[in-house]
Amino acid sequence: MDYDLIVIGSGPGGYVAAIRASQLGLKTAIVEKESLGGICLNWGCIPTKALLKSAQVFEYLNHAADYGIKTNGGEVDFEAVVKRSRGVADGMSKGVQFLMKKNKIDVIIGYGSLKSKGTVSVKIADGTTKDFTAKNIILATGGRSRELPNLKQDGKKVIGYRQAMVLPKQPKSMVVVGSGAIGIEFAYFYNAIGTQVTVVEFLDNIVPLEDEEISKGLLRILKKQGINIMTGSTVESVDTNGEGCRVNVKTATGNQVLEADIVLSAIGISTNIEGIGLEENGVKTDKGKVLVDDFYQTNVEGVYAIGDIVKGQALAHVASAEGIICVEKIAGQNPEPLNYNNIPGCTYCMPEVASVGYTEKAAKEAGYELKIGKFPFSASGKASAAGAKDGFVKVIFDAKYGEFLGAHMLGHNVTEMIAEVVTARKLETTGHEIIKSVHPHPTMSEAVMEAAADAYGEVIHL
């Protein structure tokens with residue numbers, strides 16, 4: 001065999017798996033068709049956060065007077081904002097290249113597919129094909145923007161998230177279809193820099209995976225920011241024959257036609273499982289996902305799959321965790337399976353959204369008797385000082401044993417706060433232990449302690 005392990009795909013699942021494999025002494029190669037780091041690093045997590053930071057800086061400039069600072073406001077240089085975002089992504093991709101060299105991982109650039117058990121076929125850019133052999137193969141091919149039959153993407157007027165990051169000029173108006181993390185982040189970004197934005201969501205709540213109170217709280221804030229939001233609505237068709245787009249939207253009260261320069265389809269992802277040799281080698285799939293066990297082995301011995309193409313949340317940090325567990329199992333270690341109910345989810349609009357564990361509705365449906373505590377950032381000294389009083393922290397405990405069932409946050413920097421709850425739940429921490437853990441003052445994180453205290457009738461600052 002050429003290698004102990006070949007990983008197909010270099011996203012946050014693939015490259016992390018490759019590094020952990022090398023650390024454990026496995027001779028490793030990684031196959032990538034485009035740029036090291038995959039979608040997340042090059043066209044997802046990282047460049048979008050760079051765009052969002054530019055929007056936040058622009059908002060600061062326009063609200064500088066609120067902080068006692070006189071300015072002449074600011075002007076968005078859209079081309080420069082996009083250029084900065086691409087520069088950040090390129091820098092991170094170079095960082096992954098360095099990590100591959102540091103860990104002595106061979107990088108094979110080309111389109112990889114499973115040829116047979118133990119063999120990966122790679123189509124190189126020059127048109128030739130080379131075969132490489134390995135004892136173990138991990139498929140980490142990720143996902144792409146999902147298309148609906150009535151919302152076909154042309155890459156110019158009807159676009160996906162990749163085009164949304166590199167538009168040649170800022171649109172005056174945009175319709176965003178879908179209000180998950182991708183849709184809401186782009187809606188916030190474009191609205192913040194001056195584009196007129198309408199969000200169309202099929203379900204009754206935006207960010208529909210979140211706790212209902214978070215969804216409703218974020219809805220109020222985004223509307224106040226000037227974003228038009230239509231819930232319980234469906235895009236029936238888009239006419240792109242004119243200069244812009246005419247979007248036919250079905251609502252509870254009848255059809256409306258919206259006009260916009262750009263339509264952004266943000267209705268989730270489709271998995272990249274076509275053309276990678278699954279059917280030819282008998283690898284089982286179901287509803288677009290590769291079927292795997294708790295340690296990511298498929299039904300074919302020596303063939304594994306991780307990330308967006310398997311069950312579980314399609315998130316970068318999930319893929320990384322799966323890659324590490326998978327490789328440690330291959331190397332003969334004894335990792336524990338991933339707890340998919342303790343995965344944090346984050347949306348990086350402003351204010352941010354972060355959550356982990358059960359929503360209130362899910363906890364009740366699971367049969368728990370609940371103790372629920374909330375603490376608004378309007379009562380937080382740090383939030384007041386920062387001028388970021390929107391939002392709140394909501395915590396959910398099992399009334400019988402004090403188990404920390406879940407936490408839901410809406411506010412400034414809460415994506416940095418949620419890890420406290422993830423760790424607490426991993427350690428089986430109870431509500432009383434959170435209350436008795438001294439939190440620094442003044443910080444936003446005090447809201448977690450205060451919310452826990454509220455659940456038990458001990459809150460001080462409410």
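Leaving out neighbours within four places in sequence, Thr141 touches Ile8, Asn272, Ile276 and Ile309. This comes from a predicted model, and that holds for everything that follows. Thr141 itself sits in the loop that runs between strand 6 (129–139) and strand 7 (143–145).

The buried ones are Gly14, Tyr15, Val16, Ala17, Ala18, Ile19, Arg20 and Ala21. What lies over them includes strand 1 (3–8), strand 2 (28–32), helix 4 (78–102), strand 6 and helix 8 (316–330). After helix 1 comes Gly25, which has a positive phi, near 90°.

Next come the charged side chains. Searching the whole structure turns up 16 salt bridges. One of them pairs Lys394 with Asp211, with their closest N and O atoms 2.9 Å apart. The two come from distant parts of the chain, 183 residues apart: Lys394 is in strand 23 (residues 392–398), while Asp211 is in the loop between strand 10 (196–200) and helix 7 (212–224). Both Lys394 and Asp211 are buried. For Lys394 the relative accessibility is 0%, and buried means under 20%, so this lysine clearly falls in that class.

Lys394 has another salt-bridge partner in Glu360, where the closest N and O atoms are 2.6 Å apart. Because Glu360 belongs to helix 9 and Lys394 to strand 23, this pair ties together parts that are 34 residues apart in sequence. Glu360 also meets Lys364 in a salt bridge, at 3.0 Å from N to O. That pair stays within helix 9 (residues 360–365), where Lys364 and Glu360 are four residues apart, or about one turn of the helix.

Lys374, in strand 22 (residues 370–376), has a polar contact of 2.8 Å with Glu213, side chain to side chain. With neighbours within four places in sequence set aside, Lys374 is in contact with Glu213, Val393, Lys394, Ala451, Asp454 and Leu462. The C-alpha atoms of Lys374 and Val459 are 9.5 Å apart, although 85 residues separate the two in sequence. Lys374 has a relative accessibility of 32%, so it counts as partly exposed.

Key: Residues are numbered from 1 along each chain as its sequence is written. This is a predicted model: local features need pLDDT of at least 70, side-chain atom pairs count only at pLDDT 80 or more; totals for chains, interfaces and linings use all residues. Side-chain values use heavy atoms; hydrogens and water are left out. Contact means heavy atoms within 4.5 Å. Buried means under 20% relative accessible area, exposed over 50%, partly exposed in between (1.4 Å probe, protein chains only). A polar contact is a pair of N or O atoms within 3.5 Å; within protein, one must be able to donate a hydrogen and the other to accept it, and residues adjacent in sequence count only if both atoms are side-chain atoms. A salt bridge is a side-chain nitrogen of Lys or Arg within 4 Å of a carboxyl oxygen of Asp or Glu.
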